[in-house]
Amino acid sequence: MDIKRDVTIKSWDGTWTYHPKVIVTPESAEDLVEILTDEVRFPAPVRPAGSMHSTARMNGDDGGTMVDMTKMNRILHFTEDTVTVEAGATYIVVSDALKNRGLQFHVTTEIGNVTLGAIATAATKDSSFPGGFGQVSSYVTAVRLVTPQGTLREINERDNPEEMQIIRSSYGLMGVVYEVTIRVRPTTALSVRHYSLSLDNFRRYYPIYKARGFAVMYYIFPYVKRVLVELRKDNPETKPTSRYRWVYRNRFWRKYGPAVTLWIERMTSNRKLRAYAETRYRCNLPSVGYAIARDVEALLSYSWEGATLSIDPASTGGAEWEEFLHHYNEFCSEWRGVPLFNQTPFLTREQARRAFGVRLQQFAARRKAADPKNRMLDSYFRELLS
C-alpha cells in the first residue's frame, strides 16, 4: 500500500483543506487490517475517503489518518439482480459495466464519481420511483468491512437486518467498508416531461403527479416564484437508447449555467441588482429538489417519518455563500427540516438533535459499542453525536 505523510489535500471543490498525518492507499482487506491495528503508524482518527465530494468536513482531523479507497475499485461479480464491487469503484464505471449486461441501478444519482463505499454508508438524494427509494444505500444488501479493532466482518440484510440499517447511515464510523453488494434491475427506457409552473400550481399539481406514478425532480427559481418540474416514469415498452439531450442537460447544469451566472455578476456592478438589502447576498443558481419516498432502511434516513421534498440551494460560492448556509440551516431546522450529515455543511449539534431525536442517541450508542477507543471518530462527528 502507498503511504504518504504530512500532506495537504482538498475536497473536490476546494472548500475544505485537510492536513492528515498519514494518507494511505490500501489495495486489500489485509492492508486495512494493518491500518486499523497499528495505532502508532496510523494515528486516530482513521477516516475512509473516496471522491471527497461531501460538502461537510467529514474526512478526518488534522494529524489523523486518511484512508484513500480509490485503488480498491474492482467489479467482482454480477447476478441477475445484484452486483458486488470493491468500495472504491465509482458509480459511473459500475453503471457502464451494468449497461453492457442490460442492467442498471435502481437510482441514477447525479454524482457519477461517487464511490460505492460512500453510497453504501452515507445519504444520497434522487427522486423516488413508485415502490422505491431515493436513497441509494437502501438498495445495498451486504457489505464486507474491517472493524475499528481490525476484524474482518460480513454484514447482510438477511442475517443482520438491524446492523444493515445502521451501516447504511454509518458514514465510516463502524469500520472501513471494502466490498459492497447492491441491487440492480433490467435496463428500462425513461420517459421524461418538463413543465414550468408557478409555486401555487406546483403545490396544486404535485399530488396529481404522484398519483399518476411519476418520479418528481424540480428546479426552484425563488426570485420569480417558479418551479421547473422534471417528471420521470419508466417506459418499458420502448427500447432504451442514449439521447444527446441528456448530455446537453447535464452539461448546462454542470458548466454553462454557472458560467452564465458568473458572467452576469461580473457585468453587474450595482449591488442593489445583485443582492438583497438585508443580507447583501442572493443565490445565483436555482435550487434543486426531489420528491423522496418514506425510507426506514437506514437508521438516520432523512425521510424516516414520511415522504418528503428536498430543497438544496445552489450557488457558485464565495464567503457570503457560507454565511448564507449558516442561516439556511437555522431556517430549515426551525421548520423541522432534516439535514444530511455529508451534504449539510456547518450543521450544529442542536440542529442534528432536533432532526433525528432518539435515533441519533441510538446511533451514538451503537457507534460507541462498536468503537470504544474512538479509533474512527473525528471531531465533526464527535460534536454531532456527543
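Hi everyone, let's start with one residue. Arginine 168 touches quite a list of partners, even leaving out residues up to four places away in sequence: Ala120, Thr121, Ala122, Gln135, Ser137, Ser138, Val140, Glu157, Glu297 and Ala298. Please keep in mind that what we have on screen is a predicted model.

So where does arginine 168 sit? You can find arginine 168 in the loop that runs between helix H4, residues 161–167, and strand S12. Is arginine 168 buried or exposed? Its relative accessibility is 2%, and buried means under 20%, so arginine 168 counts as buried.

Now look at what the side chain of arginine 168 does there. It reaches the backbone oxygen of serine 137 at 3.0 Å. The side chain of arginine 168 also reaches the backbone oxygen of valine 140, this time at 2.8 Å. Both serine 137 and valine 140 were in the list of touching residues I began with.

Which residues does isoleucine 182 touch? Setting aside residues up to four places away in sequence, the partners are Asp81, Thr82, Val83, Phe105, Leu116, Val136, Tyr139, Val140 and Thr141.

Tyrosine 139 deserves a moment. In sequence, isoleucine 182 and tyrosine 139 are 43 residues apart, while in space their C-alpha atoms are 5.6 Å apart.

Let's zoom out to the whole chain. Of the contacts with a separation of 6 or more, 63% are between residues 24 or more positions apart. The chain contains 11 helices and 18 strands, and 47% of its 386 residues are buried.

How about overall shape? The C-alpha trace spans about 60 × 50 × 40 Å along its principal axes. A compact globule with 386 residues would have a radius of gyration near 21 Å, and the chain has 21 Å, so the two agree.

Last, the surface and the charges. The accessible surface comes to about 19700 Å², and carbon and sulfur atoms account for 53% of it. The chain carries 52 positive and 43 negative side chains, with the centres of the two sets 7 Å apart.

Definitions and conventions. Residues are numbered from 1 along each chain as its sequence is written. This is a predicted model: local features need pLDDT of at least 70, side-chain atom pairs count only at pLDDT 80 or more; totals for chains, interfaces and linings use all residues. Side-chain values use heavy atoms; hydrogens and water are left out. Helices (H or I, at least four residues) and strands (E, at least two) are DSSP runs, numbered from the N terminus. The radius of gyration is taken over C-alpha atoms; the globule rule is 2.2 Å times the number of residues to the power 0.38. Buried means under 20% relative accessible area, exposed over 50%, partly exposed in between (1.4 Å probe, protein chains only). Contact means heavy atoms within 4.5 Å. Accessible areas come from the Shrake-Rupley method with a 1.4 Å probe; for residues, only the protein chains shown count as cover. Lys and Arg count as positive and Asp and Glu as negative; His and the chain ends are not counted. The place of a charge is taken as NZ of Lys, CZ of Arg, CG of Asp or CD of Glu. A polar contact is a pair of N or O atoms within 3.5 Å; within protein, one must be able to donate a hydrogen and the other to accept it, and residues adjacent in sequence count only if both atoms are side-chain atoms.
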